[in-house]
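Colleague: Could you walk me through reading the features of a structure? I would like the general idea each time, and then the case at hand.

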Amino acid sequence: MTADWSASQYLKFEDQRTRPARDLAAQVPLDSPRKVYDLGCGPGNSTETLMERFPEAEFVGVDSSPDMLDKARKRLPQVKFMQADLARWMPPADADVFYSNATFQWIPDHIPVLQRLLQALPEGGALAVQMPDNVNEPSHRSMREVAAVGPWADRLKDTPREQLPTVQAYYDALRPHARHVDIWHTHYQHPLDGAEAIADWFKGTALRPYLDPLSEAERPEFLVQYKALLSKAYPTQCDGKSLLRFPRLFLLAVR
Ligand SMILES: C[S@@+](CC[C@H](N)C(=O)[O-])C[C@H]1O[C@@H](n2cnc3c(N)ncnc32)[C@H](O)[C@@H]1O
């Protein structure tokens, strides 16, 4: 994890980013859970989605970023939000649902963390997780390419986010603790305004570990080179947009 997350940068593409959050919430096979935890709740957009799905439930949002928590508290004053590092968090015993949208990809070696969450659930409780599975997409390959050749190469050499474990590894880790495990991928195709918008999308997330270590003078240069590669990888469609293909992995385990 890098410094603090910027909630305003992240919220720029809120509608499109919230779509997988809704798709994940829709698959949680419980009618009326009492208590739902949103893990890595960010600025509260996924929490809001959960509240629409389960209007009767009580919610707790957990995140490590003070900036995100601040935005979330302002947005949803009726919800309890708490700061914690999920890698070390001890799950409480009162949850019916642990839900996490677009967060666990930032937590290395997260399989034991997911197992711990699942084991803390009562029978019939659900663990629902979505993670971008895009480290081999042109958007991410291009970041690595630019990082490897510039004057910043030394400073950025350990940056790439790790590839997710295989679906088989998730299945075998979760199945012994669950009565039902469902794993699937969805490839979203987001129509964005060309390379500029694609770069902007990732400025709030995957680009941060590349841009944060650079000086003020270096950042624009990194982005110029990055956008040049994006323009080649994402052609312009009939309406002037470019389609950002975005594969995401969904995990659902019922205790
Ligand atoms: C991409 S945002 C997702 C926000 C929201 N769930 C959504 O669906 O839009 C990832 C969030 O995970 C949080 N995060 C990253 N690593 C974390 C950790 N180890 N513990 C707790 N939160 C973490 C970040 O602060 C950020 O708010």
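This is a predicted model: local features need pLDDT of at least 70, side-chain atom pairs count only at pLDDT 80 or more; totals for chains, interfaces and linings use all residues.

Modeller: Residues are numbered from 1 along each chain as its sequence is written, and side-chain values use heavy atoms, leaving out hydrogens and water.

Colleague: How many helices and strands are there in the protein?

Modeller: Helices (H or I, at least four residues) and strands (E, at least two) are DSSP runs, numbered from the N terminus. The protein has eleven helices and seven strands. Its radius of gyration is 19 Å, close to the 18 Å from the globule rule for 255 residues, so the protein is as compact as a globular protein of that length. That radius is taken over C-alpha atoms, and the rule is 2.2 Å times the number of residues to the power 0.38.

Colleague: What share of the residues is buried?

Modeller: Buried means under 20% relative accessible area, exposed over 50%, and partly exposed in between (1.4 Å probe, protein chains only). Here buried residues make up 53% of the 255.

Colleague: And which residues have the most contacts inside the largest nonpolar core?

Modeller: In soluble globular proteins, nonpolar side chains tend to be buried together. A nonpolar core is a set of buried Ala, Val, Leu, Ile, Met, Phe, Trp, Tyr and Cys residues joined through side-chain atoms within 4.5 Å. The largest one has 49 residues, and those with the most contacts inside it are Phe59, Tyr99, Phe202, Leu207, Phe222, Tyr226 and Leu244. Helix H9 (residues 194–203) gives the most to this core, with six residues. Apart from it lies another core of 29 residues, among them Leu127, Val129, Met131 and Ala178.

Colleague: Where is Ala102 placed?

Modeller: Ala102 is in the loop between strand S4 (97–101) and helix H5 (111–119). Its phi is near 65°, a positive value in a residue other than glycine. Asp109, found in the loop between S4 and H5, has a positive phi of about 50° although it is not a glycine.

Colleague: Is Asp109 buried or exposed?

Modeller: Asp109 is exposed, with a relative accessible area of 65%, whereas Ala102 is buried at 18%.
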